[in-house]
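These are my notebook entries on a structure that I looked up. I set down each item in the order in which I consulted it.

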Amino acid sequence: MNELIAIFIGMALINNFILVRYLGLCPFFGVSKKVGNALSMGIAVTFVMSIASLATWLIHHYILLPFDIEYMYIIIYILVIASLVQIIELFIKRTNLALYNAFGIYLPLITTNCAVLGVTFINMVENYSLLGSIVSALGAGLGFTLVLFIMSNIRERLEFADSPKSMKGLPIAFLIAVLLGLAFFGFGGMI
Amino acid sequence: MLPVGVLTLIGLGCGLLIYFVFIKIPQKVKGIEKTEEINTILPGMNCGACGHPGCFAYAQALAADPDLITKTPCTVVLQDPESLERLEKALGITLDASAMSKKALVHCNGNSETIYHYSGVETCKAAAQLLSGYKKCPYACLGLGDCVEVCPQQGAIFIDPEKNVAIVDTEKCNGCGLCVTECSLNLIELVPAGTKIAFLCNYKPLRNIPGRERCDFGCIHCRKCFKACEDEAIEWNKETALPEFDQEKCTLCLKCIEACEPNTLADFTKVKKEAELVAA
């Protein structure tokens with residue numbers, strides 16, 4: 001149990017995907033303009049990360065390891081994650097339209113997100129158990145959502161801030177990201 | 001051999017899984033039959049010109065409010081009479097496609113003098129930040145092709161290498177308006193598809209910057225086109241000091257184009273022929 005908690009906190013805060021590991025930076029700047037959009041993106045990423053971790057753990061342990069072809073992991077993981085997201089999208093579209101509208105364009109967009117692929121690689125390298133993989137994906141996803149939520153709140157306020165003309169928009173967002181990153185580095189060495 | 005086999009099997013497995021999920025789950029969902037019907041008519045290229053994130057979102061909006069099509073029409077459907085008819089049937093309204101159909105028009109003649117050497121990022125967005133661009137006329141087309149990049153129709157808008165100006169192929173252009181919002185200098189305007197005379201200057205004396213002036217091919221406000229017109233199709237707007245064209249009265253006699261000394265006017269129906277010449 002303690003190990004799972006350590007994995008969760010480690011992935012969510014200490015090795016935060018965006019601010020410490022520098023993964024998933026495009027949604028961090030692309031989708032962080034509105035709080036609503038940022039939250040849907042975060043939840044969609046968390047969801048896909050958990051499913052992808054489960055599927056890739058099974059593939060790693062029951063296909064790649066027995067056949068001794070671990071070096072094939074990148075291409076196989078990409079293939080599996082992409083088809084998984086397709087199936088999930090189809091399923092949600094036909095069964096729950098409200099949820100499909102809430103996810104909107106973000107679900108197909110994160111098919112190729114590096115954060116999703118990144119969490120499966122980390123699970124593999126750290127050799128987590130099945131439960132550990134899912135917990136680490138949940139932690140990574142929630143950490144991602146948290147940072148996106150903080151950033152979108154700040155950026156909504158920045159719209160009205162009296163920043164110099166040349167700094168308006170993305171430039172000031174980059175500076176804010178640096179300060180946010182410094183704050184998250186404070187978690188380093190907690191475990 | 002083994003890795004190739006495993007990869008092939010996993011790929012096949014994933015494909016089959018998607019196929020079975022596609023067949024097994026309920027095909028028709030309550031409440032979105034109409035959306036699905038509209039979605040099959042829409043082009044499915046997800047260009048975003050209607051202002052919705054993708055064709056499916058547009059179909060949902062149309063199913064909820066059919067009148068939306070008069071405000072933000074799908075320009076690709078407007079070009080195709082067959083799918084337009086199907087869409088009219090699905091929505092239960094009739095549309096006047098020729099009145100709604102639009103074309104992009106670049107209000108610049110090109111050839112404005114270059115006043116400084118620009119060596120930055122090759123986009124109009126960046127170049128326009130520096131003193132409104134590197135042309136003598138602060139309203140001139142920079143010809144770096146932001147509009148070409150954004151155009152969903154391949155080759156409907158392109159850069160004339162001699163004049164360094166964006167040119168619209170009126171046959172290919174479907175009037176989606178993506179280039180209008182993309183142009184950093186606001187040179188592009190959507191005009192009705194039946195427009196006959198194109199006015200190729202956007203110079204405004206409002207912003208009188210020392211050293212920056214109208215090029216030799218811009219409107220000099222001489223009113224010669226107004227006087228030359230025999231069909232009373234040109235009205236002179238006194239406030240802007242620019243001619244305004246009445247497309248219905250115009251008989252395309254081209255007298256105004258002959259009268260125009262700086263060659264600011266052009267035959268909009270002929271622009272596409274010039275386009276073919278440049279392309280060839």
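What percentage of the 280 residues in chain B do buried residues make up? I found 43%, where buried means under 20% relative accessible area, exposed over 50% and partly exposed in between, with a 1.4 Å probe and protein chains only.

**Conventions.** I am working with a predicted model, in which local features need pLDDT of at least 70, side-chain atom pairs count only at pLDDT 80 or more, and totals for chains, interfaces and linings use all residues. Residues are numbered from 1 along each chain as its sequence is written, chains are lettered from A and ligands numbered from 1 in the order in which they are written, and side-chain values use heavy atoms, with hydrogens and water left out.

**Chain B overall.** I noted 13 helices and eight strands in chain B; helices (H or I, at least four residues) and strands (E, at least two) are DSSP runs, numbered from the N terminus. I looked up the contacts (heavy atoms within 4.5 Å). Among those in chain B between residues at least 6 apart in sequence, 57% join residues at least 24 apart.

**Cores.** I then turned to the nonpolar cores, which are sets of buried Ala, Val, Leu, Ile, Met, Phe, Trp, Tyr and Cys residues joined through side-chain atoms within 4.5 Å. The largest has 61 residues, and A:Phe17, A:Phe28 and A:Met151 are among those with the most contacts inside it. Helix H3 (residues 35-67) of chain A gives the largest share of this core, ten residues. I checked A:Phe28 beyond its neighbours within four places in sequence: its contacts include A:Ile18, A:Val147 and A:Met151. A second, separate core of 43 residues includes B:Cys137 and B:Tyr139.

**Strands of chain B.** I find four of the five residues of strand S1 (residues 102-106) buried, so S1 is largely enclosed by the rest of the structure. Five bridges join S1(B) to strand S4 (residues 188-192), and the two run antiparallel; two strands pair if DSSP finds at least two bridges between them. B:Lys102 has B:Pro192 as its bridge partner in S4(B).

Strand S3 (residues 165-168) is covered on both faces, with B:Val165 and B:Ile167 buried on one side and B:Ala166 and B:Val168 buried on the other. Four bridges join S3(B) to strand S2 (residues 157-160), again antiparallel. I record a hairpin of S2(B) and S3(B) with four residues between them, in whose turn B:Asn164 has a positive phi of about 60°.

**Salt bridges.** How many salt bridges does a search of the whole structure find over all chains? I count four, taking a side-chain nitrogen of Lys or Arg within 4 Å of a carboxyl oxygen of Asp or Glu.

In one of them, B:Glu182 meets B:Lys125, the closest N and O atoms being 2.9 Å apart. B:Glu182 lies in helix H10 (residues 178-182) and B:Lys125 in helix H8 of chain B, so the pair ties together parts that are 57 residues apart in sequence. B:Glu182 is partly exposed at 21% relative accessibility, and B:Lys125 is partly exposed at 46%.

I also noted the salt bridge of B:Glu230 with B:Lys255, whose closest N and O atoms are 3.1 Å apart. This pair links distant parts of the chain, 25 residues apart: B:Glu230 is in the loop between helix H11 (224-228) and strand S6 (234-237), and B:Lys255 is in helix H12 (residues 255-259). B:Glu230 is exposed at 55% relative accessible area, whereas B:Lys255 is partly exposed at 35%.
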